[in-house]
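User: I have a new model open and have not looked at it before. Can you walk me through it?

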Amino acid sequence: MYDGIGPVVHVSFANPYCPRGRAAALATGDPDMVDGGTLVVVNGPRFSSAAESQWHADQGWSIVGMTGQPEAALARELALCYTTIALVTDHDAGVQAGEAVTYAEVLQIFSTHVAKLSSLLHRLIPALPEAETDANATCVCRRALDGLALPFPLPGTTA
């Protein structure tokens with residue numbers, strides 16, 4: 001929201017993640033990494049009900065999280081490249097037979113992923129593409145605002 005500074009500007013959000021960042025993540029060769037899927041973001045902090053979990057699965061959504069928004073939308077509105085890596089800690093309640101997940105179980109499973117995530121990031125960060133300037137930007141993320149009349153200049157842009 002721009003608090004009355006000027007006209008509202010709508011930025012395309014059809015593909016919220018940076019294709020160059022995704023390619024770099026996949027190029028790390030992590031055998032457990034899955035390319036693709038659909039993240040459904042729920043208001044948290046909370047776990048889904050069994051009915052919600054079943055609905056998410058029925059819709060074909062592959063991962064449920066609480067931290068994918070508003071970060072991705074804000075990055076797009078600022079023409080920033082944004083990539084996400086999701087660590088699966090549990091099967092959502094109601095999707096598989098058994099008891100619902102507990103917070104303690106999520107923390108325990110997450111702790112087993114920390115070293116693996118650290119290793120992945122140490123390989124990924126140096127492999128990310130060079131930052132683009134407005135003059136040489138070819139990434140769709142950096143071009144998200146092209147042709148739009150913004151109500152104010154963004155820091156680091158020429159217009």
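User: How many residues does helix H4 have, and how far does it reach?
Analyst: This is a predicted model. In it, helix H4 covers residues 103-127, which is 25 residues. From first C-alpha to last it reaches 34 Å, close to the 36 Å expected at 1.5 Å a residue.

User: Where is the kink in H4 centred?
Analyst: The kink in H4 is centred on His113 and amounts to about 35 degrees.

User: Which residues of H4 are buried?
Analyst: Val106, Leu120 and Leu124 are buried in H4. Helix H1, residues 19-26, is included in what covers the buried residues of H4.

User: Ok, stepping back. Which elements does the protein have, and in what order?
Analyst: The protein has four helices and two strands. Starting at the N terminus, the order is α-β-α-β-α-α.

User: What share of the residues is buried?
Analyst: Of the 159 residues in the protein, 21% are buried. The accessible surface comes to about 10700 Å², and carbon and sulfur atoms hold 60% of that.

User: Which residues make up the largest nonpolar core?
Analyst: That core has five residues: Val11, Ala79, Ala144, Leu145 and Leu154. In soluble globular proteins, nonpolar side chains tend to be buried together.

User: What does Leu154 contact, neighbours within four places in sequence aside?
Analyst: Leu154 is in contact with Glu77, Leu78 and Leu145.

User: And Ala79, where does that lie?
Analyst: Ala79 lies in the loop between H3 and H4. Its relative accessible area is 5%, so Ala79 counts as buried. Ala79 also has a positive phi of about 60 degrees, although it is not a glycine. Most residues other than glycine have a negative phi, and most peptide bonds are trans.

User: Which peptide bonds are cis here?
Analyst: Pro45 sits in the loop between E1 and helix H2, residues 50-58. The bond from Gln69 to Pro70 is cis too, with omega near 10 degrees. Pro70 is in the loop between strand E2, residues 63-65, and H3.

User: New topic, aromatics. How many aromatic pairs are there?
Analyst: The structure holds two aromatic pairs. In one of them, Tyr17 and Tyr82 have ring centres 6.1 Å apart and planes at 20 degrees, so the pair is stacked.

User: What does the pair of Tyr17 and Tyr82 tie together?
Analyst: Tyr17 is in the segment before H1, and Tyr82 is in the loop between helix H3, residues 71-77, and H4, so the pair ties together parts that are 65 residues apart in sequence.

User: How accessible are Tyr17 and Tyr82?
Analyst: Tyr17 is partly exposed at 24% relative accessible area. Tyr82 is partly exposed as well, at 21%.

User: And what about Trp55 and Trp61?
Analyst: Trp55 and Trp61 form an edge-to-face aromatic pair, 5.1 Å centre to centre with 80 degrees between the planes. Trp55 is partly exposed at 47% relative accessibility, and Trp61 is partly exposed at 26%.

User: What does Thr38 touch, leaving out residues up to four places away in sequence?
Analyst: Thr38 touches Trp61, Ser62 and Ile63. Thr38 itself lies in the loop between H1 and strand E1, residues 39-41.

User: Is Thr38 buried, exposed or partly exposed?
Analyst: Thr38 is partly exposed, with a relative accessible area of 37%.

Definitions and conventions: Residues are numbered from 1 along each chain as its sequence is written. This is a predicted model: local features need pLDDT of at least 70, side-chain atom pairs count only at pLDDT 80 or more; totals for chains, interfaces and linings use all residues. Side-chain values use heavy atoms; hydrogens and water are left out. The expected span of a helix is 1.5 Å times one less than its number of residues. The bend at a residue is the angle between axes fitted to the seven residues ending there and the seven starting there. Buried means under 20% relative accessible area, exposed over 50%, partly exposed in between (1.4 Å probe, protein chains only). Contact means heavy atoms within 4.5 Å. Accessible areas come from the Shrake-Rupley method with a 1.4 Å probe; for residues, only the protein chains shown count as cover. Rings of Phe, Tyr and Trp (its six-membered ring) pair if their centres lie within 6.5 Å; planes under 30 degrees apart count as stacked, over 60 as edge-to-face and the rest as tilted. A nonpolar core is a set of buried Ala, Val, Leu, Ile, Met, Phe, Trp, Tyr and Cys residues joined through side-chain atoms within 4.5 Å.
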